[in-house]
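Thanks for coming. I have one structure to go through today, and I will keep to what can be computed from its atoms.

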Amino acid sequence: MTRDVEYRQAASAGDTAAMNALGELAQQADPPDLDAAREWFSKAADLGDIAAMNSLGSLYQNKIDPPDLAAARRWYEKAAAGGHADAMNEIGRIYHDDKKFEPAREWYERSAAHGCNVANYNLGQLYRYMLDPPDLETAKRWYEKAAEGGYGDAMNEIGRIYHDDKKFEPAREWYEKSAAHGCNVANYNLGQLYRYMLDPPDLETAKRWYEKAAEGGYGDAMNEIGLIYHDDKKFEPAREWYEKSAAHGCNLANYNLGQIYRFMLDPPDLETARHWYEKAAEGGHADACFKLGHLLHTQDPKMAAMWYERAAAAGVVLAMNNIALLLEGRNRAAALEWYERGAAAGEATARQNLARLRGTSSADSAPPAVERTVVPAHVRRSAPVPTSGLGGSRSDSTGVSALLSSLIADSPYRRNAFRLAGLDVAVDRRGLARRTTELEAGARLGAPLSNKKTVLPVTPAPDLADVKAALNQLREPVQRLVQEWFWLWSDERADPAIARLAAGDADGAAQAWLDQMNGDDADAGIAAHNIAILRHIQALETSGGAAAATWLDALTAWDAAIVSDAVWQRLLARAAQIDERRLCPSAVDELRAELPRALLNVHATQIVRAAEDGDTAAVDVHVAVLERFAEEAGHRDSAFTTALIDDARGSAARTLAARVKSIADEELTHAAREPSEGSVAANRMLDRTRQPLQAIDRIRPAADPVRSGAHDDLVHAALQCDIRYYNASNDAAAGELLLERLAPIATTDQTRSRLAEHWAAIAPTLIVALVEKATGATQVDAKVGTTESQQLLEQAEPLFARIRARAEPDDERLAQARDLVARSAASCAVATFNETAALSPTAELLDRAKSLAAGKDATEYIDKQIATLTQIRSERAVATTCWFCKERPAVRGRAYNIPMYGDVTHHWNTKRYRSTTVEVPRCEDCWTTHRPAAKSRATVGCFTGLGVLCTSIGFILALALSSTSAGGFMLFLGIAGLVTLVISLVVGFSTGNEEESKAMQYPPVVELKRRGWAKGTRPA
C-alpha cells in the first residue's frame, strides 16, 4: 500500500495530520497541484487543525501567483489565535514588508514569546533596518536571543554590527560562529574582514574564506577572488573567477571583466570589453555606462552620448561634462545645459568648459571677498524669547504679518520714513509735522532735498512727494512700529556710532556696535539690532551684489537681536508710546513671531529676482548664505530654525516653479496656435526657464516634489510643442536636437520615460532620412556607396538603441527600421562594387547588413547579393590562372580585353548606357601564341579593305565604260577585287576565331551577356 493511499484512508477517517500530509504532497508534486493542496488544508482547518490554518496562510502568501495577502493574513490570524507561533511571525512579516513598524513589532514579539526563534531574528532586522536612525542596541539584543537558539543568520548580523563599528575581533568571532552554523554569507563577510579591515590585509586568509563562500554558490565571493588576482595582474585566474561570478548573477563581475579586457591586455580587447560593459550597464552599473561612453567617444559619438546620459542619470557627474563635449559642435544649446548641470553638481572641468563656451571667466560676476565681522562664536546671546511670551494674544492678526510681507517684497529700507526724512525713530508727532513743514518750505524756495545729518542716505535721492508719502504712513500705528524696527535705534544718550555713520564712517560705526554687541553691555541687543540694519542695507544696496559674508553678518546680528529680551522690552515701551490701545502687546508679539520668516524671505525674494534676471552669481550667493546659516543656526539656540530656513528655500522654489509653469503654458499655447513654430517655441521655452530651473535645483533636493514637478512640466510642454511641430512639418531633425537638449532636464524616471518614448517615435523618421541621404549620394556617384553604406550602418545604430529602449515584444518599428537600413546599406555597397569591382569592402558590408536584417525580404535580398559576390570571388580565384591554357599563371598586362556595354536606356533622343572592359587572364606563352593571329587579322583587314575598294571601283567603271575596250578591263578588276574580298573574309574569320570564342566563355563575360550586355564599346 502506497503512502498516498494510507494518507487518504486516514484522512477519510477524519485524521487531520493525514490531510495536512496530503496537502504537502500536492504542493510538492511536479507540477504542484495547488487546488488539491488548498482542498486538503481547508478540510483539516475546518476540523480546527491550527497547522492546516498556517499552511493555508503560507499557500496564499508564497505559492499562489500573485499572492493573496489578505487571505493569507486571515488564515495566519486564525492559526495565531490558536497559539501558532510561526503564524504570528508570518503576520509580522506581512506588516514588515508593508513597512508598518508597530504592528510588525507587536506580532514578532508575540511570536517570539511563543518560542519562534526566527521572530527574534526578525525583530533584530526591524530595529536595525526599518528605523532611521537604527536602534542598534535593541537590534543586537534580539539577534543575541536568536543566536542563543542557534540561528546562524543572527550571528552574522551581530558580526556585521561589530564590523561596521570597526571592531575586528568580536566581528570575526561572530562571523565564525555563523559560518559554523551554515551561514554562507558569513564566509564572505570573513573574507571582507581579512581583506579590508586589516592593515596590511591578510589576502591568503581572505581568499580561503571567499573560496568557502564560493563553494556555496556566493557570486560576490567569486568576484572578490577575481579582484585579488586582478590586483596581482594575473589575467587568466581573474577572468575565470569573474566569469563564474557573473554566471552567478554578480553584476559587478561583468564590469570587472570589461575592465580587465580593456586595461589588462596589451593590446586591449575593446570589443570584448564592450560586451561585458554592456552586460553590466544593462544591470544598472553606472560606471559601466560611463566606460561605454568613454569607449565610444570618438568612434560612435551618438551611441556614446546615449551611454553618458544613462551614467549621468545614475549620478556620474563627469558624464555630464563628457556628453557636453560631444554635443558642442552640433547642438550648442544642449551642450550648455549639460555643462551647467555638471558645474552645479560640482564638476570642476564642466565649470571650466562652461566658462569657455560662454566666453567668460569662472570668476566673472563674483562679488568681492569680504571677511565676516559678526562671528557667531563671539556674539553674546540670550535665551530665545518665546512666541506669545511678551504678554499678548495671537488670536487675531494686528496686520503686522501682511505689512512685513509687503515690505520684504519691495525693500524694508528704501521707503523707510525715518531714513528718507533724516529723523530719529523716537520723533513725536510735532517733530514729524515740523520736518514736513521744513521740507515743503525748502521746496518752495527751490532748495535741494537734503539733510547733512541724514544717515545712510538713499541713492538716488528721493523727491519731496516720496518723503511726504513715507511720513504720512507713520500716522498709522502698525506702520510706525514696523518702520521703527527697520531703522537705527538709540537711547536717551547720543549714540557715537550713529554720529560716525552720519559722518560717512560706516566701518567705525560697525566696529563700535560690534564691541558693544560682543561685550557685557546691557544694550548689546540694541547694538546687534543696529549692526543688523547696517549690514542688511549694505547687502541689499551694494552695486553688483554683496558678498555672502555681508548677508551672513546681517542674519547673525538679527538673530542676536531677536533673541534679546532687552530689545523686545524696548519695543513694548515704544508701542505703548505710539498707541497703547492698538499696539500693546499683541502687535509686538506678532512682529516677534513673524520676523525670522520675513527676514529669510528677503533671500527667497532675492533668489527669485536673480534667477529671473539670469544672475547666476547672485543666486549662488543667496543659496550659499541659507546653507551656511542653517548650519550655524542648527548648532545654537536661534530664532531661525532649520525648518524656517528650509521654508524660505521652499518658498523661492515654489515661486520659480510657478514661473516655469507659466512660461511653459505660454509657449505651448503659442505652439498650439502656430504649429509650424512649435520647435522654436519649445527652444524658446527652455531658454526662458533655464535660470529659474537651475535655481530650483540649487535650493531643493532631487526628490523634492516642487523640483521634480517643475522638470516634469517643462519636459512635457516642450515635447507637446515638438509633437505639434512634427505633425505640421514631418521634421524629425529638429526633434532630435530638442531631445538632446531635454536630456539633462529630465531628472526623474517619469520624464526620462517620456523622452525615451519620443525618441522611439521619431527614430524611424530619422532613419529614413539617413537612408535617403546614403542612397541619394550613391545614385549621384556610385563610387561613394561603400562610404555611405558604412556611415549608414554606424549612424543608425544609436537610433536602433533608442527604439529598443521602448519597443514592446510585438513592436514592428525596430524590425522595419533594421530591414530598411540593412537593404539600403547592401544596395549602396553593391553599387560601388559594380563601379569599382572592389570585393573585400563590399563583402564586409554585406555581412554587416545581413546581421542587421530581421525580415524575410531583406534577408533574401542580401543573401542573393552575397551569393553573387561569392561566385565572383570564386571566379577571381580562377582568374589567377591563364584562361586559355588553364595551366600557367596569368601575367598582368597580357590579358585578352573584351569591351562590353549594357543597361541601355532611352531618354528622349539620347541613349544612356554603361560600359566596361573584361580582362580575360592570359599567360605569357598564350599571349605570344596569339600575337601572329593578331597580326594576321591586321593583314587580313588590309586586304579586305583593298578588296572592297577594288570591287567598288571596278564595277562602277565597268558600267560607265561598258561600250569601250576599257570596260572589259574594269570588269576584270572588279571581279578580282571581289575574289580578294571573299578570300580575306574567309581567312579573317578563321584567323583568331578560336581564342576569341574561348575568351567569350570566360564566366564574367557570360554573366554580363546573361544580364543583356553585348560585346562592343557602345550601342549602335
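First, the ground rules. This is a predicted model, in which local features need pLDDT of at least 70 and side-chain atom pairs count only at pLDDT 80 or more, while totals for chains, interfaces and linings use all residues. Residues are numbered from 1 along each chain as its sequence is written, and side-chain values use heavy atoms, with hydrogens and water left out.

Now the chain as a whole. The secondary structure comes to 47 helices and three strands. Of the 1020 residues, 48% are buried. Buried means under 20% relative accessible area, exposed means over 50%, and partly exposed is in between, with a 1.4 Å probe and protein chains only. The accessible surface comes to about 49600 Å², and 51% of that belongs to carbon and sulfur atoms; the method is Shrake-Rupley with a 1.4 Å probe, and for residues only the protein chains shown count as cover. Among contacts with a separation of 6 or more, 62% are between residues 24 or more positions apart, where a contact means heavy atoms within 4.5 Å.

Strands count as paired if DSSP finds at least two bridges between them. Strand 1, residues 896-907, and strand 2, residues 910-920, are joined by ten bridges. Within that pairing, Y901 has S915 as its bridge partner, and M900 is opposite T916. The hairpin of these two strands has two residues between them, and W908 there takes a positive phi near 55°. D903 lies in strand 1 and also has a positive phi, near 50°, without being a glycine. With a relative accessible area of 36%, D903 is partly exposed.

Which elements line the largest pocket? Before that, the terms. The search runs on a 1 Å grid over the protein atoms alone: a cavity is a set of points where a 1.4 Å probe fits but cannot get out, a pocket is an open set with protein on both sides within 12 Å along at least five of seven lines, and lining residues have an atom within 4 Å of a point. Grid points are joined across faces, edges and corners, and the volume is the space filled by probe spheres set on the points.

The largest pocket holds about 1300 Å³ of space. It has 41 lining residues, and those closest to its centre are F833, A837, I872, R876 and P1004. Two or more lining residues come from each of helix 41 (813-836), helix 42 (839-852), helix 43 (856-878), strand 2 and helix 47 (1003-1010). Helix 43 gives the most, nine residues. By class, the lining has 18 nonpolar, twelve polar and eleven charged residues. Here Ala, Val, Leu, Ile, Met, Phe, Trp, Tyr, Cys and Pro are nonpolar, Asp, Glu, Lys and Arg are charged, and the others, Gly among them, are polar.

There is one cavity of 30 Å³ or more, and the volume of the largest cavity is about 120 Å³. Its lining has six nonpolar, six charged and no polar residues; E309, R330, E736 and W759 are among them. Helix 19 (301-313), helix 20, helix 38 (732-742) and helix 40 (785-806) each supply at least two.

Helix 20, residues 317-327, also contains N322. N322 counts as buried, at 9% relative accessibility. Beyond its neighbours within four places in sequence, N322 contacts F290, H294, H297 and Y308.

Last, some backbone details in loops. D199 and P200 are joined by a cis peptide bond with omega about 5°, and P200 is in the loop between helix 12 and helix 13. Another cis bond joins D266 and P267, with omega about 0°; P267 is in the loop between helix 16 and helix 17. K166, in the loop between helix 10 and helix 11, has a positive phi of about 60° although it is not a glycine. K166 is exposed, at 68% relative accessible area.

Key. Helices (H or I, at least four residues) and strands (E, at least two) are DSSP runs, numbered from the N terminus.
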